[in-house]
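Me: I would like to learn how to read a protein model. Could you take me through one, feature by feature?

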Amino acid sequence: MKAVNARILHAALRVFADKGSMQIAVSDLAKEAGLSRGTIYNNVENPDELFNQICDLLYYELRQAMRENTAHLDDPAQRLALVMRQTIRRVHEEHHWGKFIAQFGMLDPRLGKFWGKLPRRLLMEGLESGRFSFDEEQLPSITALGGGAVMGATSMVLSGLLTWRQSSADTAELYLRAIGVPRDEARAICTRRFEPLPRLDFTRIDLPKPVEESVPS
């Protein structure tokens with residue numbers, strides 16, 4: 001992705017977050033990006049699709065970042081806690097990213113889809129290994145509970161009601177306890193030092209390659 005495209009996307013993210021709207025005016029985008037309207041039109045095929053594009057990119061970026069940052073851990077409880085805590089920390093460190101997620105995370109299925117992938121798989125791994133304790137038919141509800149908890153924590157951090165440190169530790173600890181991790185162990189896991197997610201960089205996102213359609217012979 002070209003640097004100018006990434007600059008436009010970052011600017012669009014900020015405008016969407018600040019205005020709370022899924023529509024964007026090219027004049028607002030150009031002003032935020034510090035570019036001319038002509039440059040915007042030369043690099044954006046359809047401004048009306050920017051919101052959809054950003055939602056797709058945020059989904060793949062978060063999935064990719066979480067896979068890379070938790071791959072060194074074998075314990076699904078530690079991985080789940082880290083996913084939650086890193087997400088909440090980024091809300092604090094990248095305000096517009098967090099504001100965008102908070103406003104549109106429950107409205108656009110792509111933003112919520114992340115919690116149906118990696119966290120769901122970790123929950124299933126923990127259940128099958130005996131690390132977690134809940135009924136398998138509760139998996140969809142447990143998965144949704146985690147996503148909802150992070151969204152709630154996001155709102156508290158953005159509003160200044162809690163620091164990201166307290167919110168991330170408490171949210172992850174209570175979630176682990178809800179799925180069967182003993183209290184003292186959950187507290188120990190969720191108060192460990194951890195590295196933040198890399199800053200959002202649209203140029204480093206690896207989008208999946210489209211599946212080529214077979215051509216009849």
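Me: How do the residues of the lining of the largest pocket divide into nonpolar, polar and charged?

Reply: Start with the classes: Ala, Val, Leu, Ile, Met, Phe, Trp, Tyr, Cys and Pro count as nonpolar, Asp, Glu, Lys and Arg as charged, and the others, Gly among them, as polar. Here the lining has twelve nonpolar, eight polar and two charged residues. One caution: this is a predicted model, where local features need pLDDT of at least 70, side-chain atom pairs count only at pLDDT 80 or more, and totals for chains, interfaces and linings use all residues. Residues are numbered from 1 along each chain as its sequence is written, and side-chain values use heavy atoms, with hydrogens and water left out.

Me: What is a pocket?

Reply: Work on a 1 Å grid over the protein atoms alone. A cavity is a set of points where a 1.4 Å probe fits but cannot get out; a pocket is an open set with protein on both sides within 12 Å along at least five of seven lines. Lining residues have an atom within 4 Å of a point. Points are joined across faces, edges and corners, and the volume is the space filled by probe spheres set on them. In this model the largest pocket holds about 340 Å³. It is lined by 22 residues, and Gly105, Leu111, Gly112, Trp115 and Gly147 are the closest to its centre.

Me: Which element gives the most to that lining?

Reply: Elements come from DSSP runs, numbered from the N terminus: helices (H or I, at least four residues) and strands (E, at least two). Helix H9 gives the most, with seven residues. The elements that give two or more are H4 (50-70), H6 (95-104), H7 (109-113) and H9 (139-159).

Me: How far does H9 reach from its first C-alpha to its last?

Reply: The expected span of a helix is 1.5 Å times one less than its number of residues. H9 has 21 residues and reaches 31 Å, close to the expected 30 Å. Just after H9, Gly160 has a positive phi of about 80 degrees.

Me: Why does Thr143 count as buried?

Reply: Thr143 counts as buried because its relative accessibility is 7%. This residue lies in H9. Contact means heavy atoms within 4.5 Å. Leaving aside neighbours within four places in sequence, Thr143 touches Trp115, Gly116, Arg120, Leu123 and Tyr175. Other buried residues of H9 include Ile142, Gly146 and Val150. Their cover includes H5, H6, H8 and H10.

Me: Is Arg183 buried or exposed?

Reply: Arg183 is exposed, because its relative accessible area is 54%. This arginine lies in helix H11. Beyond neighbours within four places in sequence, Arg183 is in contact with Glu173 and Arg177. Of these, Glu173 is among the buried residues of H10.

Me: How many residues apart in sequence are Arg183 and Val83?

Reply: They are 100 residues apart in sequence, and 19 Å apart in space, C-alpha to C-alpha.

Me: How many disulfides does the rule count?

Reply: A disulfide is a pair of cysteine sulfur atoms within 2.5 Å. The count here is zero. As for cysteines, Cys55 is buried at 0% relative accessible area, and Cys190 is buried at 0%.

Me: What covers the buried residues of H1?

Reply: Their cover includes H2 (26-33), H3 (37-43), H4 and H6. Among the buried residues of H1 are Ala6, Ile8, Leu9 and Phe16. After H1 comes Gly20, with a positive phi near 65 degrees.

Terms used:
Buried < 20%, exposed > 50% of the residue type's maximum accessible area, 1.4 Å probe, protein only.
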